[in-house]
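Here are some notes for a colleague who is meeting this structure for the first time. They are set out as numbered points, to be read alongside the sequence and the model.

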Protein chains: 2
Amino acid sequence: MKQSKFFIPTLKDSPKEAECQSHIYMLRAGYIKQIAAGIYTYLPLALRSIKKIEQIIRAELAKIEAAELLMPSLQPSELWQESGRWQKYGDTLMRMKDRHDRDFAIGPTHEEVITYIVRDVLNSYKKLPVTLYQIQTKFRDELRPRFGLMRGREFIMKDAYSFHADTDSLDETYQEFNQAYNNIFTRCGLKFRAVKADSGNIGGSESCEFMALTDIGEDTIVYANNSDFAANLEVYNLPIGAKSPDGNGTIMHAKGIEVGHIFKLGTVYSEAMKAQFTDETGVRQDLIMGCYGIGVSRVLMAVIEQNHDEFGIMMPKTIAPFDIHIIVIDPKADNQVKFASELENTLIKAQYEVLIDDRIERPGVKFSEADLIGLPIRITIGKNIEKGVIEVKFRNELVKHEVEIAKLINFIKEYY
Amino acid sequence: MKQSKFFIPTLKDSPKEAECQSHIYMLRAGYIKQIAAGIYTYLPLALRSIKKIEQIIRAELAKIEAAELLMPSLQPSELWQESGRWQKYGDTLMRMKDRHDRDFAIGPTHEEVITYIVRDVLNSYKKLPVTLYQIQTKFRDELRPRFGLMRGREFIMKDAYSFHADTDSLDETYQEFNQAYNNIFTRCGLKFRAVKADSGNIGGSESCEFMALTDIGEDTIVYANNSDFAANLEVYNLPIGAKSPDGNGTIMHAKGIEVGHIFKLGTVYSEAMKAQFTDETGVRQDLIMGCYGIGVSRVLMAVIEQNHDEFGIMMPKTIAPFDIHIIVIDPKADNQVKFASELENTLIKAQYEVLIDDRIERPGVKFSEADLIGLPIRITIGKNIEKGVIEVKFRNELVKHEVEIAKLINFIKEYY
C-alpha cells in the first residue's frame, strides 16, 4: 500500500484534549480523529489493527463453537420494558423516537434482543447449549467521555451470549470463555490480569473482569505477582497486604483498563422475558444464560498505552496495521521506486503486509513519522541499494542493521 | 461447523409480513429475523454471506488504491448545518439528542463527516487524489420499510469518497469505480445493469446506478439487450421503443433493485464546508469530490431474489455461507459421526467451508431444510459409507451422484 494514498494525517503537536500517552499518540500518528466528545473516526491505520483484533477474537471463539451473528443497533423500547431496564438504565442509554413517535434504544448491549431472538427457538434441552456473539458498534452516553477510545460514547464491542439447560453447562462455557479471553488478550500483546468483579448493570451472579495493566485506567487493582501470573492464566483478587496463595508472590498495585468481562447471568433475563425450554422430564424451565464482552476498540488503546516510547507507538506484530514500513528516501529516483515496488511484491509473497512511504518529504520527516506510527520493521531504501545493501530497523530496538539484499527475507524471518 | 451449535431457526410456514420470495426464504431459512419494522438481525448464515460480499468489495477496492476507515454513526448536527442538510434532509434522517441536549444525526450517509476529516489535511494538490471508504451500518427512517433487507431502516453500506484537484482526476476515479463495481457484482453472482441516474439528495452532476434485474424492485428500467450487455460493462438508459445504439440489440424491460450508485459530486460539499486545497499555481480551490455506494445487505437479498427455486435458496458459491452441507443421516451411529468429522477435516484442508447437520432429526427434515438454506453442495452420510460410497448433490441440479469416497475431493473440485 502506498502511503500517498493511505491517509495518515499526522500532527506535530499534542492536541490539548488528549489525556494520556496512548490518546496523544493515536491522535498524533493519524490513527483516530475526534468527531465529537467521545466519538471518533477510526482512520485507516487504526481500522487495520482493529480488524486484526477482531480476527483473533473470531479465531478463538470458533474454537469454542460460538456462532457469529449481527443484531441491530436500534432496539424497540418494548424489549427494554420487558426486562425492566427501559426505566432502570438511566441517562447512559441513548434513546430516540422514530418518525411514528415510537421509542428506541440505541444499543449499548444486547441481552434483551438476543433473548427475544432465541425465545421460542431454543425451546428444548436437546437444542442446548448454544453460544452466539457479535462484533458491533455500541453506544453509551457517558457523562464524561475521556482517554480517547477508553471511555467513548460510540465504540466497538464483541458481545457474546450463551444459553444452557443447567448450571454445569453454564460453568463449562464460562470456563471456556475464560480460557478464550486469556488466549485473545495474550495474542493481542496485552499485559493483563483477570479479577473477580461486580456484575453492575447487567445483573446476575458470578463475573470476572480482564484488566490491562497500565499507569492510567479507572480501577485500582491489586494482584499477586508470582510465576503463575507470567502466563496470565490465574484469577485472583487480593486485598492489599494479603499473602499470596502459593506463598512466593508479591502483592502488586496497578491501574487497570477493563478490556473484557465475563458474567454468569443466570435467569435474570429469561425469567423477565419468559424465555423457556422443556427439560428432560418435560417441565418448562427458564433458560440459564451467560454473557461475555470485549472492548475491541479499547483493546487497541490499551495495547498502545502499554507499548510506546518517547518517539511514538510500538505496535506488537500480531495487531500492527502493517508489518513493514518501507521508506523510499528519494521518490524521484527511479531506481529506488522500482526497487521498493519489487521488494513490496517479494514481501507480500512472503506473507508480510507492507506500507511504502512514497511521499515527497524530507527523510527526517519520514523517519520521525515512521517512529510515531510504530510499525514493527522499518526498511530504508536509499543510495545504498547500489551497493547491494539495505537498512533494517526494528521499532523496539535502537540499533540499525545493514543487510545484504539477497539475505533480507531470511533476516526478517529470523527476527519476526 | 456443527449445525447443532450454529443457530438456524427455520420456519415451516411463510411469515405473513414477507412480501417477495427472497424475503420469505431469508426468514424461513433462518438467515434473518425481524426485530422491528425494517430492522433485522443478520443470523449466522446471512452474516457469513455478508462477510464474503464485504471481502469481495475490499479486494476490488484495494486494486484501485482506496483506503478503508470507519466513521462514527453519531454525527453532530453542526456538520449537517454546515452543508445545509440538517433542514433539507427531512424525516428519513434519524435524529437524537444526547444527555446534554445536543443534536445528533444517526448517519444515513457520511459526506459531511468525511469532508470534515479531510478538510485542512488534503490541503495541497500534491496530496491528491485520495479515495477513502467504509463498510458500515447505516440508518434511514423510511416511511414504508419493505421487502426485508431491500428497504430497511438499518442496513449495511459500503460508502466511498474521492478527492481530486481537477475533473480529469475525478473522471478517472469514477471510471475505476465503474469497473470495480462491475467486478464486484459479477463476483457476487448478480445479474445487473448499470444505468445513468438522478443524483437525488446527495447533489452533484453525473451519476450511475447499478440495478439488479428482478421481477420485484422499485424502479422500472429499460435497457438494450445485446452482446455488450452480457459482460455487464455498458451503460445505457433508453426510452421504451428506442433503437439500440449499435442496432442489433432488443429493448428490454425489468424491475430493478438498486445495489450500487456512483456519483460525481463536484464541489457541492467542499464549497459549503470550505474544504480547500492549494493548486499548482498557489491558488486556493474547492476540493472536487466523488462518492460511491453499495448496499451490502441489499446485495445479499438481490442475489437470493435471483437465485431460488420452489424448494428454497440456491446460493452462488462466491458468497454462500458454507460451500458444503454434510448431512449425517443417523447422528447416533458412531461410524457416521466419525466419518463426517474426518471428512470435514479433509474438506477444510482442501479449502472448503463445511456445515455438518449433526442434529437428531428425521432425514426428510434435514433434506428439506438443506434445500431451503441452499448451500451449493450437499453430501449425505448414511449406511452407504459401509459400501465405500457417498451421495453428492449440487443444489442447482436435481440429479444425485453416487461417488466413491476415494474420488470425492477430485469429483467436487471438478464441479466446484
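How many residues does the contact take from chain B and from chain A?

1. The contact takes 44 residues from chain B and 44 residues from chain A, where two residues are in contact if their C-beta atoms, placed from the backbone, lie within 7 Å. Before going further, please note that this is a predicted model, in which local features need pLDDT of at least 70 and side-chain atom pairs count only at pLDDT 80 or more, while totals for chains, interfaces and linings use all residues. Residues are numbered from 1 along each chain as its sequence is written, and chains are lettered from A and ligands numbered from 1 in the order in which they are written.

2. On the side of chain B that touches chain A, the elements that each supply at least two residues include strand 1 (32–36), strand 2 (39–42), helix 2 (44–63) and strand 7 (130–139) of chain B; helices (H or I, at least four residues) and strands (E, at least two) are DSSP runs, numbered from the N terminus. Strand 2 of chain B gives the most to this side, with four residues. By class, the side of chain B that touches chain A has 28 nonpolar, four polar and 12 charged residues, where Ala, Val, Leu, Ile, Met, Phe, Trp, Tyr, Cys and Pro count as nonpolar, Asp, Glu, Lys and Arg as charged, and the others, Gly among them, as polar.

3. Chain B can be laid on chain A with an RMSD of 0.0 Å by a turn of 180° and a shift of 0.0 Å along the axis, the copies being superposed by least squares on the C-alpha atoms of residues with pLDDT of at least 70 in both. The two copies are therefore related as by a two-fold rotation axis, and in chain B the C-alpha nearest that axis belongs to M96(B), at 2.6 Å from it. Since 100% of the interface residues of chain B are also interface residues in chain A, the copies meet through the same surface.

4. Strand 1 and strand 2 of chain B pair in the antiparallel sense over four bridges (two strands pair if DSSP finds at least two bridges between them), and I32(B) stands opposite Y42(B) in strand 2 of chain B. The hairpin that they form has two residues between the strands, and G38(B) in this hairpin takes a positive phi near 75°. I39(B) and T41(B) point one way from strand 2 of chain B, Y40(B) and Y42(B) point the other way, and all are buried; a residue is buried if 20 or more other C-beta atoms lie within 10 Å of its own, exposed if 12 or fewer, and partly exposed in between, with C-beta atoms placed from the backbone.

5. Turning to chain A as a whole, it has 12 helices and 22 strands, and of its 416 residues 51% count as buried. Residues 24 or more positions apart account for 70% of the contacts in chain A with a separation of 6 or more.

6. Helix 10 (residues 334–349) of chain A has 16 residues and reaches 23 Å from its first C-alpha to its last, close to the 22 Å expected at 1.5 Å a residue, the expected span being 1.5 Å times one less than the number of residues. Which of its residues are buried? They are Q336(A), A340(A), L343(A) and L347(A); seen down the axis of helix 10 of chain A, these buried residues fall within an arc of 70°, so they line one face of the helix, the arc being that of the directions from the helix axis to the C-beta atoms. On the other side of helix 10 of chain A, the exposed residues include D334(A), K338(A) and E342(A). What covers the buried residues includes strand 18 (324–328), strand 19 (354–357) and strand 20 (377–381) of chain A.

7. A cis peptide bond joins L128(A) and P129(A), with omega about -5°, and P129(A) lies in the loop between helix 5 (111–118) and strand 7 (130–139) of chain A. Phi of F7(A) is near 40°, a positive value in a residue other than glycine, and F7(A) is buried, with 22 other C-beta atoms within 10 Å. Phi of E65(B) is likewise positive, near 60°, but E65(B) is partly exposed, with 16 other C-beta atoms within 10 Å.
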